[in-house]
Amino acid sequence: MTITGAMLIGAESHRGSDGAFRAVDPATGAALEPAFGGGGTAEVERACALAWVAFDAFRETGLKARAAFLETIAANILELGDDLIVRAMAESGLPRPRLEGERGRTVGQLRLFAQTVREGGWLEARIDPAQPERTPLPRSDVRQRHIPLGPVAVFGASNFPLAFSVAGGDTASALAAGCPVVVKGHSAHPGTSALVGRAIRAAVASCGLPEGVFSLLFGVGNPIGTALVSDPRIKAVGFTGSRGGGLALMEAAARRAEPIPVYAEMSSINPVFLMPAALAARAEALGKGFVASLTMGAGQFCTNPGILLGVDGPDLDRFTAAAVEALGGSAAATMLTPGIHAAYDSGVARLSGSAAVATLARGMACSGPNQAQAALFGTTADAFLAEPGLQDEVFGAASLLIRCPDTAAMRTVAERLEGQLTATVQMDAADGGAVAALLPTLERKAGRILANGWPTGVEVCHAMVHGGPFPATSDSRTTSVGTLAIRRFLRPVCYQDIPAALLPEALRDGNPLGLWRRIDGMPGQS
Ligand SMILES: NC(=O)C1=CN([C@@H]2O[C@H](COP(=O)(O)OP(=O)(O)OC[C@H]3O[C@@H](n4cnc5c(N)ncnc54)[C@H](OP(=O)(O)O)[C@@H]3O)[C@@H](O)[C@H]2O)C=CC1
Ligand SMILES: O=C(O)CCC(=O)C(=O)O
């Protein structure tokens, strides 16, 4: 399929005229054809106008029809075949198996949302029947369901060009909720974005939906993103990227006459707690497992284990020796963009230049453009507590090992951490008491707590939480992965004494949709 450099505004392919840009193959540094025309306020205006026109019709599509739409998108993405993988490899430097796996995750998550939509529990239908005889006052008939917020702006992430991009989790959950989506494509992978965007556009057409259900914009620089978030027809934002970018979009949303929620996933250093009995039992295996997680995908995961904490002593020395050896043998890897590579190098330089930090190991030397050498640094709990900048995210395969005098000091450090996507404990049975003491802190700090695993690689399922307190995300009450993500784009509406003929199907007597509903607080299928 030919990539033309055009945006997709509803059914129309439109070439922007506000500047032009090309993707760069980070493995060679070469610019890729074609040039993409950047959009501006005119394109934002058109995409948002179409999305608004589409909203009322799209939000009332039947559950089966909306599920079929999500499944059609999944099928259309698979139909793109190898063209999609080849283009994504060229634009991201990520290897084929990783991108094929990511395509599977993208398609799987669309299908999972289709199942969720069909099942209908997300409508959270509640009925409190009228009690005309109640004294001293009668009760009205009160019913509630959830409706979608409105058109959603989605900012695709650079590090998952498929699963967190144009048809990624934010788009899938917003469409599942019944929200039209306007994507601001990431400038690192516009060709991949255009291919996936066309798969979505074809599904919109073949499912007979209004064209404004989906648009894909490109732009040069920040103005297009700011204009999109500021458009009054946009009612929520999904974002994965840098802390600076997320904060800027939160500010733009807050400046609006009508502020809107921004669900931004930003920075996280994902602490790993190496508990004493676990270290005593398997320090070497833990050292190797850690390096495998750290270096996966050149460390370009927001779930990357960026700090480790352990009690100083011979077992931590054994862990360190194993990690140093494994990291020393890890090949340099191409990063996603020259900008991300430069940010990694400057983060590593900041750590290696700190008087409080020792460089424990570096990976193998770089042999091409935009390659990064993995890095392991060490410091003490006291030094970490004295220098808050040591917990700033270094996006890539760099981590900091913090030597603590005892498990109480591990807890003290945990208390001082910012909000996290994940917190991991490596533990054995004898660590149970120390972990129990740590858990309340971890619950307050992180969205997901893992035992004896590694945080990279998020399962897409019903119970997943990929979220956490700021700065991991801008709203700790939600998740961006898993079916609960649909909640971000919904709000409850209450219908009091509304005549039966005017009630939405989900709330009608006789339960025509066969939903699980709460009648007078009791769950059931009536
Ligand atoms: N925690 C995480 O999950 C991730 C963190 N990162 C961090 O982000 C850094 C840069 O990576 P990148 O993916 O480019 O993330 P960015 O935050 O720079 O960009 C993400 C998206 O937001 C847009 N954007 C960024 N800043 C603004 C702004 N001020 N106003 C309007 N739009 C904006 C970008 O536009 P444009 O395409 O034009 O740049 C892009 O579409 C990495 O080095 C890393 O530190 C990256 C990926 C994931
Ligand atoms: O680890 C994963 O699978 C997801 C990571 C993620 O959300 C990210 O890097 O943005």
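These legends walk through close-up views of a predicted model.

The numbering of residues starts from 1 along each chain as its sequence is written, while chains are lettered from A and ligands numbered from 1 in the order in which they are written. In this predicted model, local features need pLDDT of at least 70, side-chain atom pairs count only at pLDDT 80 or more, and totals for chains, interfaces and linings use all residues, with side-chain values taken from heavy atoms and with hydrogens and water left out.

**View 1. The largest pocket and the residues around its centre**

Welcome to the largest pocket, with a volume of about 970 Å³. A pocket here is an open set of points on a 1 Å grid over the protein atoms alone, with protein on both sides within 12 Å along at least five of seven lines; a cavity is a set of points where a 1.4 Å probe fits but cannot get out; and lining residues have an atom within 4 Å of a point. Grid points are joined across faces, edges and corners, and a volume is the space filled by probe spheres set on the points. Look for H186, F239, G241, S242 and G245, the closest to the centre among the 39 residues of the lining. Two or more lining residues come from each of α7 (223-230), β10 (236-240), α8 (243-255) and α11 (338-352). Helices (H or I, at least four residues) and strands (E, at least two) are DSSP runs, numbered from the N terminus. With six residues, α11 gives the most to this lining. By class, the lining of the largest pocket holds 15 nonpolar, 18 polar and six charged residues. In this sorting, Ala, Val, Leu, Ile, Met, Phe, Trp, Tyr, Cys and Pro count as nonpolar, Asp, Glu, Lys and Arg as charged, and the others, Gly among them, as polar.

**View 2. The second largest pocket and its lining**

This pocket has a volume of about 300 Å³. Of its 18 lining residues, T61, G62, L63, E505 and L513 are the closest to its centre. At least two lining residues each come from α2 (63-79) and β6 (142-148), and β6 gives the most, with four residues. The lining of the second largest pocket divides into eight nonpolar, three polar and seven charged residues.

**View 3. Helix α2 packed with helix α6**

Here α2 and α6 (residues 190-206) pack at an angle of about 140 degrees, their axes 8 Å apart. Axes are lines fitted to C-alpha atoms, for helices over the stretch in contact, and angles run from 0 to 180 degrees between N-to-C directions. That angle makes α2 oblique to α6. Angles under 35 degrees count as roughly parallel, over 145 as roughly antiparallel, 65 to 115 as roughly perpendicular and the rest as oblique. On the α2 side, the contact is made by F69, T72, I73, N76 and I77, and on the α6 side by residues including V196, A199 and I200. Contact means heavy atoms within 4.5 Å. Sorted by class, these contact residues are nine nonpolar, three polar and no charged.

**View 4. Helix α2 with helix α5**

The axes of α2 and α5 (residues 169-177) come within 9 Å and cross at roughly 155 degrees, which makes α2 roughly antiparallel to α5. In this contact, R66, F69, L70 and I73 of α2 meet A172, L175, A176 and A177 of α5. The contact of α2 with α5 has seven nonpolar residues, no polar ones and one charged.

**View 5. Two of the cavities**

About 130 Å³ of space lies in the largest cavity. Of the 18 residues lining the largest cavity, I269, G306, E393, V394 and A398 are the closest to its centre. Strand β18 (residues 398-404) gives the largest share of that lining, three residues. The second largest cavity holds about 90 Å³ of space. Its lining has 15 residues, with Y263, T473, T478, S480 and R488 nearest the centre. Strand β11 (262-265) is one of the elements that supply at least two residues to this lining.

Phi of A298 is near 55 degrees, a positive value in a residue other than glycine.
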